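This report describes how two protein chains are arranged and how they meet. Please look at the sequence and the structure before reading on.

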Number of protein chains: 2
Amino acid sequence: MTDTPAPSLTSSLHRPGQILLLSRASGESLIDQIVRTVAARIDDRLLRAGARMPSIRQFAAANGVSAFTVVAAYDKLVARAYLESRRGAGFFIRERAPLNAPGTADAEAMNFSAGVQPGGGMDVVWLIRNMFRATANLQMPGTGVLPQDWLDGPAIANALRAISRQNSNLLLNYGVPQGFLPLRQQLQHKLAELEIAATPEQFVTTSGVTQALDMVAREFTRPGDTVFVDDPAWFLMFGSFAALGAKVVGIPRLADGPDIAQLAELAAIHKPKLYVINSVLHNPSSTSLSAAKAFQILRLAEQHGITIVEDDIYCDMHPGSAVQPATRLASLDQLRRVIYLGGFSKTMAANLRVGFIAASPELAERLADRKMLQTLTTSDIGERVVYKILSEGLYRKHVERIRSRLDGLRARTVRQMERVGLKVDVVSPAGMFVWADAGCDTNVMTEHALSENLLLAPGSLFSPNQLPSSRMRLNVAAMQDPAVWRFLQRELERLA
Amino acid sequence: MTDTPAPSLTSSLHRPGQILLLSRASGESLIDQIVRTVAARIDDRLLRAGARMPSIRQFAAANGVSAFTVVAAYDKLVARAYLESRRGAGFFIRERAPLNAPGTADAEAMNFSAGVQPGGGMDVVWLIRNMFRATANLQMPGTGVLPQDWLDGPAIANALRAISRQNSNLLLNYGVPQGFLPLRQQLQHKLAELEIAATPEQFVTTSGVTQALDMVAREFTRPGDTVFVDDPAWFLMFGSFAALGAKVVGIPRLADGPDIAQLAELAAIHKPKLYVINSVLHNPSSTSLSAAKAFQILRLAEQHGITIVEDDIYCDMHPGSAVQPATRLASLDQLRRVIYLGGFSKTMAANLRVGFIAASPELAERLADRKMLQTLTTSDIGERVVYKILSEGLYRKHVERIRSRLDGLRARTVRQMERVGLKVDVVSPAGMFVWADAGCDTNVMTEHALSENLLLAPGSLFSPNQLPSSRMRLNVAAMQDPAVWRFLQRELERLA
C-alpha cells in the first residue's frame with residue numbers, strides 16, 4: 001500500500017461513454033447495478049488495480065443517483081474485495097490477488113489505533129473516548145447502556161458488603177485463570193436454560209465481552225486473516241480486530257438475520273477465520289435470528305471451516321424463546337463450531353467487568369492458558385458479586401423489570417420518533433435499540449448535536465468500513481429528555 | 001523452519017580433528033571459548049545453516065566439559081542468533097539473514113501457547129497452571145508471592161466494605177479507560193518519591209503487571225520483532241511475548257545489572273524494540289541495578305532506539321535508595337524512553353488485579369486507547385481498594401513490616417540453604433528471592449519434588465530458552481516447613 005497519489009478515474013467516468021448505464025425501471029436495485037457494472041469492469045481489467053475511484057459525491061453527480069446509493073454500492077464492492085477504502089484518501093481498486101495482504105491490514109490497524117480520522121466517517125476511537133467522558137449534562141440518546149436508575153445499585157453494594165465479611169484472606173492470592181468456580185457453575189445453569197450444555201470446565205471468565213472477543217480473535221487469527229461481522233455491528237470490535245491486523249468484512253444484516261446469499265458469496269471469497277454475530281437482540285437493531293437462518297449459517301460455517309462467535313451480551317433483555325422466537329447458534333451446535341460469549345455489563349453493572357466465554361473443553365483450556373499469559377487471572381471480586389446475585393435469585397426479577405419497562409416505552413417512543421421525521425422500518429418486540437433512518441448523513445447530525453451537548457451514535461460508527469449512513473442507533477430507555485426530541489425535530493425539519 | 005531431520009553434526013564433531021581445542025589454562029572461560037569457536041565456524045561456513053548441533057550430552061562428552069558449560073554456551077549462541085532451539089528437536093545452525101523471520105517466531109508461539117514441551121526444559125505453561133491449582137498441602141518454596149499471613153487481609157476487607165457503603169451507583173457504569181482518577185493521583189505521589197515526575201494523565205491502570213506487559217508489547221512489536229529480557233527473568237512474559245510472535249532474547253544478568261558488553265553486542269545484532277528489565281529487586285535474584293549500569297543501559301537504548309520497560313513490581317520490598325543503593329531507569333530518563341510498570345499484587349493482594357503503566361503523555365494516551373479496544377476499562381473496585389489503602393497511609397507501615405520480617409529471615413535461611421548443600425553466590429540485602437545453585441539439573445529435582453507435593457521453581461523456567469539449569473528460585477518467606485528442608489537435604493546428599 002502506497003500513499004502516493006494514484007491516477008484518478010473521475011475524468012474517464014465523467015466522459016459520457018464511461019458513465020454507467022443505470023436503469024430505474026430494471027428489477028435490479030440501483031445499488032446492485034452499480035456493484036455489478038463496476039465489478040465487471042474490474043474483472044475485465046478496464047479499471048486498473050491501484051487506481052482511485054471517483055469520490056462518492058462525484059460518482060453520484062455523474063450518474064444521477066443519491067450519495068447513499070453510491071455509499072452502499074462502494075460498501076458492497078469493498079466487502080467483495082473489489083475496492084479498498086484508504087482512510088482519508090478515498091476508494092481504490094484493489095489488487096485481486098493475493099487477498100488480505102498482511103501489510104494492508106496492519107497499516108490500517110495502526111491508523112485505527114492512533115485515532116486517525118477514517119475517510120468520510122467519524123473517528124471511532126474519538127467517539128468512544130467521549131462516551132467514557134460522559135458528564136451529567138451530556139445527553140446520550142444512542143447510548144449502549146441502560147440509565148443508572150434502571151439498574152440495581154443497592155444489590156451490587158449488598159453483594160460487595162457480603163463479600164467483604166467473608167474470610168478476609170479471599171483476595172490475597174491470584175484466583176484461577178478459568179475464573180471463580182461457583183460462578184462457572186451458575187453459568188452452567190444459565191446456559192442449560194438456553195438449551196446449551198456446558199460443564200464448568202467449558203467456561204473462562206473475562207473482563208467483559210470486549211476481552212472475550214480480543215482473546216478469541218488472538219487465538220484464531222493471524223495478521224491478514226479475515227473476520228466477518230454483522231453490518232451494522234458493535235463498533236469497538238472493528239478497532240480491536242484491526243489492531244490485530246485482521247481484515248473486518250461486514251455481512252449485511254436483515255430483519256431475520258444475515259443476508260445468506262451474500263454470506264455464502266463472501267465466505268467463498270474471503271475464507272474467514274471467524275464470524276462474530278449477535279444472534280439475539282442484534283446491536284444496533286435489536287432484531288433476532290430466525291431458526292432457518294441459524295441453520296443456514298451453521299451449514300455455511302461447516303462448509304467453509306468458519307468458527308462462529310456468538311456474542312449474546314443482550315441475552316437477558318430477551319423474554320425467552322417460549323415468549324418470542326429466538327434461536328441461538330450454540331443451542332443447535334452445542335459449542336462445537338460455535339463459541340458463545342456473554343456478560344453482565346448491560347443488565348447488572350458495567351464496572352464489575354464480568355463476561356465469559358463458553359467453548360468446547362479443549363478450546364476452553366487453550367483460552368484459559370491464553371488468558372493466563374495476557375492477564376494471569378481476572379479479579380474474583382466482580383465474579384463473586386455476580387455469583388451472589390445470580391445464586392440468590394435476585395437477577396431473574398431484576399431483568400423481568402427491565403424488560404417490562406422497555407416494553408412500556410418502546411411503541412410510544414417509536415411513534416414519537418416517527419412524528420419528528422425518523423423512519424423506523426423494523427421494530428423488534430424486545431431489546432432497547434431502534435435502528436432509525438434520519439434520511440440524511442447522521443455524521444453531520446452528530447456534529448451538530450455535539451454543540452448542544454448531545455452525543456449521538458451515527459450509523460457510520462456501526463459500519464465495518466465507517467462509511468457515512470443515514471441511520472443512527474437510538475436507545476428507547478435513554479430518550480426521556482425533551483432536549484433530545486427538540487434537537488431531533490429541529491434538525492430533521494431543517495432537512496425536510 | 002522445517003521439521004524434517006537435518007544432517008547431524010555429531011559425527012564430524014566426534015572426529016578428533018573436529019573437536020574444539022579448549023584450554024582450561026586460558027584466561028577465557030570454557031563457555032566463551034566454545035561460543036567463540038562455534039561462532040567462527042558458522043561465520044566461516046564450516047557449519048552449514050539448518051544443520052543440527054550435537055546434543056548437549058554428546059557435545060559435553062566429546063569435549064570433556066560439563067553439560068552446564070555446554071548449556072551456557074549454546075544459550076549464548078542462541079542469543080547471538082548463531083543457533084536456534086527447536087522445541088523437542090535440539091539446536092540448529094541458524095540462517096544468518098534475515099534475522100527473526102516472522103514465521104519462526106509465530107510457530108514457536110503456537111507451540112508455546114499449546115503447552116508443548118520445550119526441548120529439554122519444563123513446560124512453562126504446565127508449571128504455571130499448577131501454581132494456580134496450589135492446594136493447602138502443596139508446598140511452594142519457590143513461589144513468587146508472600147504467604148497469606150504476611151499480607152493484610154482485614155485491611156482489604158475493610159476497604160471493600162467502605163466502598164460498598166459509598167454511593168451505590170458507583171459501579172453501574174463503565175469507568176474511564178485510564179483508570180480510577182484518585183488512584184492515579186496517589187500513584188503520582190508514589191512515583192514522585194522515587195524521583196519520577198508524572199501527572200495523573202501519564203498513568204494507565206491495568207489488570208496487574210501481566211496485562212501491562214502484554215499491552216506495551218502489543219503497542220511496540222510486530223511478529224518477528226525482538227524483545228530483550230533479563231536472563232534469568234520472570235517466565236510468564238516469555239510466553240506472552242512469544243504468543244505475539246516476538247522473539248525473546250535474554251541479556252545475562254550479573255549482580256549489579258546486565259552484562260553491558262553483551263547488551264551492546266546483542267543490541268547491534270538484534271535491533272530490539274523493547275528491553276524489559278527489573279532494575280530493583282530483580283526476579284529471581286533480588287539484586288538491583290548499579291547507577292553506572294543504569295546510565296550505560298540508557299545510553300545503549302538511545303543509540304539503538306530501544307524502548308525500555310522497567311518492571312518495578314517488587315518496588316515496595318526495597319527500603320528506598322536512602323537506605324540501600326537502587327537506581328531506577330525512569331528516575332534518570334523521566335519517562336521519555338522508559339515505560340515504568342508497577343502494581344500491588346505482591347505486597348497488597350494479587351486478586352485485586354491492580355497494576356499500572358506510567359509513560360509519556362502521548363504514549364499514555366495511545367495505551368489508554370489500546371486498553372479500551374482490549375478490555376474497555378478495568379473494574380474500579382480493585383482500584384478503589386488500592387486507593388483507599390494508599391491514601392489512608394496504612395500501606396507504608398504494612399510494607400515496612402514485610403521488609404523487616406524478610407530481613408529477620410534472610411541471613412538465617414541462606415545459612416540453612418548452604419548447610420543442605422545449596423550454593424548462594426549473591427545475597428541481596430532486600431527482597432524475598434534467593435537464586436540458589438543446586439549443582440545439578442533442577443528440572444530433575446522438580447520432578448522428584450512433585451511426587452512429594454513440593455512445587456519448585458527450577459532455573460529452566462526463568463531461562464528465555466527454557467534451557468536446563470542448576471539454579472532454582474527460593475523464597476525466604478516460604479521455606480518455613482521442615483518438609484521442604486528434608487527434601488532438599490535428601491536430594492542434594494544423593495548427588496554429593
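Which residue of chain B forms a salt bridge with Asp214(A)?

## Basis of the report

The structure is a predicted model, in which local features need pLDDT of at least 70 and side-chain atom pairs count only at pLDDT 80 or more, while totals for chains, interfaces and linings use all residues. Residues are numbered from 1 along each chain as its sequence is written, chains are lettered from A and ligands numbered from 1 in the order in which they are written, and side-chain values use heavy atoms, with hydrogens and water left out.

## Relation of the two chains

Two copies of a chain are related by a rotation about an axis and a shift along it.

## The interface

In contact across the interface are 62 residues of chain A and 62 residues of chain B, where contact means heavy atoms within 4.5 Å. Because 100% of the interface residues of chain A are also interface residues in chain B, the copies meet through the same surface. The area buried between the chains is about 6,000 Å², and carbon and sulfur atoms give 59% of it; buried area is the accessible area (1.4 Å probe) that two parts lose on being put together, summed over both.

The opening question is answered by Arg218(B), which forms a salt bridge with Asp214(A), the closest N and O atoms being 2.8 Å apart. A salt bridge is a side-chain nitrogen of Lys or Arg within 4 Å of a carboxyl oxygen of Asp or Glu. The rule finds 2 salt bridges across the interface of chain A and chain B. Several helices of chain A each supply at least two residues of the side that touches chain B, among them α5 (102–113), α7 (153–165) and α9 (208–220); helices are DSSP runs (H or I, at least four residues), numbered from the N terminus, and strands are such runs of E with at least two residues. The largest share, 9 residues, comes from α7(A).

## Within the chains

Over all chains, the structure holds 38 salt bridges. One pair is Asp32(B) with Lys76(B), whose closest N and O atoms are 3.0 Å apart. This pair links distant parts of the chain, since Asp32(B) is in helix α2 (residues 30–43) and Lys76(B) is in helix α4 (residues 67–79), 44 residues apart.

## Features of the backbone

A cis peptide bond joins Asp231(A) and Pro232(A), with omega about 5°. Pro232(A) lies in the loop between β4 (226–231) and α10 of chain A. In chain B, the peptide bond from Asp231(B) to Pro232(B) is cis, with omega near 10°, and Pro232(B) is found in the loop between β4 (226–231) and α10 (236–243).

Leu376(A) is not a glycine, although its phi is positive, at about 65°. Leu376(A) is found in the loop between α14 and α15 of chain A.
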